[in-house]
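Colleague: I would like to learn how to read cavities, cores and ring pairs in a model. Could we go through them in turn?

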Amino acid sequence: MATSKVNKKVFDSEEALTTVKDLRTTFDSGKTRSYEWRISQLKALLELTEQKEQEIVKALCNDLDKPPLETVAYEISMLKNSCKTAIKELKHWMAPEKVKTSLTTFPSSAEIVSEPLGVVLVISAWNYPFLLSLDPVIGAIAAGNAVVLKPSELAPATSSLLTKLLAEYMDNSSIRVVEGAVDETSALLQQKWDKIFYTGNGKVARIVMAAAAKNLTPVVLELGGKSPVIVDSNSNINLQVATRRIIAGKWGCNNGQACISPDYIITTKDYAPKLVDSLKTELESFYGKNPLESKDLSRIVNSNHFARLSKLLDDDKVSGKTVYGGEKDESKLRISPTILLDVPRDSLIMNEEIFGPLLPIITVDKLEESFDVINSGPKPLAAYLFTNNKKLKEQFVKTISAGGLVINDTTLHLAVHTLPFGGVGDSGVGAYHGKFSFDAFSHKKAVLYRSFFGDASIRYPPYTKTKMRFLKALMTGGLLAIINAIFGKS
């Protein structure tokens, strides 16, 4: 075993170049363009998820102590649904879209043809390492591309399993997995790709975008941000249901380590104590009196993230603000669900994405002030509102710019394949899910068909005032303008 590790081939820029060349040879052969190849690979991916469920659950348990229910519901089942949607809709997605033409090109017909981009790179994240690795790959395959997947090294068990399973189930002449960390990712980014799809944080996203810019490579960047929750105090909401849905979106999604988890709550000063009491009651009913021992909460991914979250809690500006939780066990990388009340907006916890089990609450005098609080910062990946007030809902949708909005729940928009999932501004570039995934990895090619009939001499020299009059009417006017031009009227 030691010898095989010593002799393990280094994946450097030369090896990366060879990988891309091999995949481009396959793509150029036309193999990945056919409906048959695409559907066979999508079915193979579905088969993989169905047959290897227990191995996937075990890998995620090793990487994050992720509860099996969360793995099955939020990773495996969601990936199955993505596969099934793509399989069902693929012929429709691939079909050329007929579009109208104008008098300018009469007689003619036109269509939009979706064609694959070529060889694409998918760089995945550690927090949902199975779903976030393969969901973009579904779109890339459906669109007819060759793919390199780079899983996150921070989820090594899942990364290793993905390498094994994709080698076993998928067409390796068109789909490859490259494991590794910074060096391997850097080697990949030095190559020319037809698209790069990255899921992660803004710091690395800037590195990815800079590398892509050297070759004018388009990117999709799935990032994050501080996703707020507004809780209305004046519309008689069902507080227990609202509280449970906030908890499910925060601690029930990988213990807050999710890009669309609620990052902070905004409510009125008068209502905050009632909200805190409800959160305490429901958290205790879900995770018990000692949540550090709960098997229904993921652990923090590693010691670096544990230290980062501890620093947020130890900030002097939030001293005495913890009203629930705050317990830590560094040896097990566990932090209990923690609520902080009335945190200052200039504290550390309010100036970076938390990505963990800490939930600060900001209070305002009037709920309408919450819109200004949200809009004063970078645009979030998601924003949530709990209210029965119709006008407040309309104002929320009109006023808040975010990747996605959910009213009276959290995170569920992720599961709706007819909605695009992606960010805006600092929270990301581009979107995917369902047909949006297919479109993300396709070029929309404009095609115009004409016959040799109806060739008009007015477009050819020598140019005259009469021709100018006709062309002006044809290009910018309607039928009446053309009739006027025929009779010499300007």
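Colleague: What volume does the largest cavity have?

Modeller: Rolling a probe the size of a water molecule over the atoms shows where empty space is left. A cavity here is a set of points, on a 1 Å grid over the protein atoms alone, where a 1.4 Å probe fits but cannot get out, and lining residues have an atom within 4 Å of a point. Grid points are joined across faces, edges and corners, and a volume is the space filled by probe spheres set on the points. The largest cavity has a volume of about 60 Å³. This is a predicted model, with local features needing pLDDT of at least 70 and side-chain atom pairs pLDDT 80 or more, while totals for chains, interfaces and linings use all residues. Residues are numbered from 1 along each chain as its sequence is written, and side-chain values use heavy atoms, without hydrogens and water.

Colleague: Which helix supplies the largest share of the lining of the largest cavity?

Modeller: Helices (H or I, at least four residues) and strands (E, at least two) are DSSP runs, numbered from the N terminus. Four residues of the lining come from α5, the largest share. Among the lining residues are Trp 93, Asp 135 and His 433.

Colleague: How much space lies in the second largest cavity, and which residues line it?

Modeller: About 40 Å³ lies in the second largest cavity. Its lining includes Lys 250, Asp 263, Glu 353 and Phe 355.

Colleague: Which residues have the most contacts inside the largest nonpolar core?

Modeller: A nonpolar core is a set of buried Ala, Val, Leu, Ile, Met, Phe, Trp, Tyr and Cys residues joined through side-chain atoms within 4.5 Å. Buried means under 20% relative accessible area (1.4 Å probe, protein chains only). The largest core has 86 residues, and Phe 130, Leu 166 and Ile 265 have the most contacts inside it. A second, separate core of 29 residues includes Leu 312 and Ile 362.

Colleague: How many aromatic pairs does the structure hold?

Modeller: A pair of aromatic rings is described by the distance of the centres and the angle of the planes. Rings of Phe, Tyr and Trp (its six-membered ring) pair if their centres lie within 6.5 Å; planes under 30 degrees apart count as stacked, over 60 as edge-to-face and the rest as tilted. The structure holds seven such pairs. In one of them, Trp 126 and Phe 355 are edge-to-face, at 5.5 Å centre to centre and 80° between the planes. These two residues are 229 residues apart, and both are buried.

How values were computed:
1 Å grid on protein atoms, 1.4 Å probe; cavity = no way out; pocket = protein on both sides within 12 Å on 5 of 7 lines; lining within 4 Å. Buried < 20%, exposed > 50% of the residue type's maximum accessible area, 1.4 Å probe, protein only.
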